[in-house]
2 protein chains.
Amino acid sequence: MTSSPLPSSARARQKRERRLALIEAAQRLVGERGLDDVTVEEISSAAGLSTRTFFNYFDSKDDAVLGIQEIDLDPGVRAQFTAGGPSGRMMSDLEALVAGFLTNAAPNIEQGERAMRLMMSEPRLVQRHIAWHQRVIGELEELLAERRKARPSPVDDDTIGMVAGLLMRSSALAWARSDYEGDAAAHLPEAVAQLRLLLDD
Amino acid sequence: MTSSPLPSSARARQKRERRLALIEAAQRLVGERGLDDVTVEEISSAAGLSTRTFFNYFDSKDDAVLGIQEIDLDPGVRAQFTAGGPSGRMMSDLEALVAGFLTNAAPNIEQGERAMRLMMSEPRLVQRHIAWHQRVIGELEELLAERRKARPSPVDDDTIGMVAGLLMRSSALAWARSDYEGDAAAHLPEAVAQLRLLLDD
DNA sequence: ACTGCAACTTGCAGTCACTGCAAGAATAGT
DNA sequence: ACTATTCTTGCAGTGACTGCAAGTTGCAGT
């Protein structure tokens, strides 16, 4: 279940290790002292790197704490979605796609869980997390444009994108409420059910 | 339709004028040169105020550009919602409540429109705008806690909050697509319809 | 092993958002 | 007119983040 094709070259391994070290240090220090009482310099030297290098890895302190990374969507899931599948009904196909994003969201469960816990105590991180959703949604909109050729939908991209974002966050919250049982994607059906429940009143 | 109880005391008037001046300067300069090529100092002196005073009015440069302010929800709307009304069905009552928020979101239409236009060219502003929604949702969750006493709902607060945020943004986007006809709240039904359309597939 | 290449790290100097503090100016209440 | 309150402002400081140029390190070909 832990993704990542494992480091091949020595360089790729170091890159991976350094990244992890930065995230680990950031999460630990912020957990101990709070987001505003930890400097990037402290995080960097705790990870044995320079401050300048920190910013070669992350755009901001918050990103490091959340362990934000590029999302590499499974090419199979991607192809199926753009082809108009797997079911042909937008809502359930969207659910499958979001599940694809969620499982690749973090390199490991523990890191994601720590990130969620920190979000509970640091509201700013929630905002950054949602901002990251925006990036994923940007990716999604490209897929949607492709999918429209195969199977047009009467719903506009914006709405679909926002619902995707809602499902990501909703299942993350459900995951947290369950005290982090399984992974976030496992709680997606629950998120969809809640949404339908509200709409059907 | 322009809200605001009009300035009474001299102090309240100045406060209002200075705030407006800052927003106006911020929106104009950022429109001309872009968000990252305008400093707070430039905005402040364009408004005839000191940099330090700028931060007495806004928490950040982005906030000034968006003209973000505290939301004063109509007490009538508020009371009706917490009492379990007006219709008794959560979804449509939520719609009424969101409409209440939207109409009081900006002191005037033009400012809201300019903010929307700037968001189109400056993605960072979108994120700040969504972050502001989070604040509104925080307010909403208090109302929900109150309403539950009068009329319990099987849907959890998080989901309701996220849908409220979605509706705010969705109707703002629909407003922009209509080339800013009427106000944002006028496009709420459209937003709800799109959401239902997606859910019903 | 030697060499040239590309990727990566690092220090340095700089910009700018944002904050606490304390002094001064404007205003409101009496 | 006197006083308390509110608001503005300058000042000094912190820390995030950036571009640049100089090392350093792993990599490929010979």
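User: In this predicted model, are helix 8 of chain A and helix 8 of chain B parallel, perpendicular or oblique to each other?
Analyst: Two packed helices are described by the angle between their axes and the distance between the axes. Here the axes of helix 8 (residues 123–150) of chain A and helix 8 (residues 123–150) of chain B come within 10 Å. They cross at roughly 130°. Angles from 65 to 115 degrees count as roughly perpendicular and those over 145 as roughly antiparallel, so helix 8 of chain A and helix 8 of chain B are oblique.

User: Is the crossing of helix 8 of chain A with helix 8 of chain B left-handed or right-handed?
Analyst: Look at how helix 8 of chain A passes helix 8 of chain B. The crossing is right-handed.

User: How many residues of the contact between these two helices are charged?
Analyst: V126(A), Q127(A), I130(A), A131(A) and Q134(A) sit on the chain A side. They meet V126(B), Q127(B), I130(B), A131(B) and Q134(B). The contact of helix 8 of chain A with helix 8 of chain B has six nonpolar residues and four polar ones.

User: Which helix of chain A gives the largest share of the side that touches chain B?
Analyst: In all, 27 residues of chain A are in contact with 27 residues of chain B. Helix 6 (90–103), helix 8, helix 9 (157–177) and helix 10 (188–200) of chain A each supply at least two residues of that side. By class, the side has five polar, six charged and 16 nonpolar residues. The largest share, nine residues, comes from helix 9 of chain A.

User: At what angle do helix 8 and helix 9 of chain B cross?
Analyst: The axes of helix 8 of chain B and helix 9 (residues 157–177) of chain B come within 9 Å. The crossing is right-handed. Helix 8 brings residues including I130(B), H133(B) and I137(B), and helix 9 brings residues including D157(B), I160(B) and G161(B). The crossing angle is roughly 135°.

User: Which residues come nearest to DNA strand D?
Analyst: There are 18 residues around DNA strand D. By class, its surface has four nonpolar, six polar and eight charged residues. The nearest are S9(A), T39(A), S60(A), S50(B) and T53(B).

User: Is the peptide bond between G85(A) and P86(A) cis or trans?
Analyst: Most peptide bonds are trans. P86(A) lies in the loop between helix 5 (75–82) and helix 6 of chain A. Omega for the bond from G85(A) to P86(A) is about -5°. That bond is cis.

Technical notes. Residues numbered from 1 in each chain as written. Chains lettered and ligands numbered in written order. Predicted model: local features only at pLDDT ≥ 70, side-chain atom pairs only at ≥ 80, totals over all residues. Near = placed C-beta within 6 Å. Nonpolar A, V, L, I, M, F, W, Y, C, P; charged D, E, K, R; others polar. Axes fitted to C-alpha atoms, helices over the stretch in contact; angles between N-to-C directions. Helix = DSSP H or I, 4+ residues; strand = E, 2+ residues; numbered from the N terminus. Parallel < 35°, antiparallel > 145°, perpendicular 65-115°, else oblique. Left-handed = near helix turned anticlockwise from the far one by under 90°. Contact = placed C-beta atoms within 7 Å.
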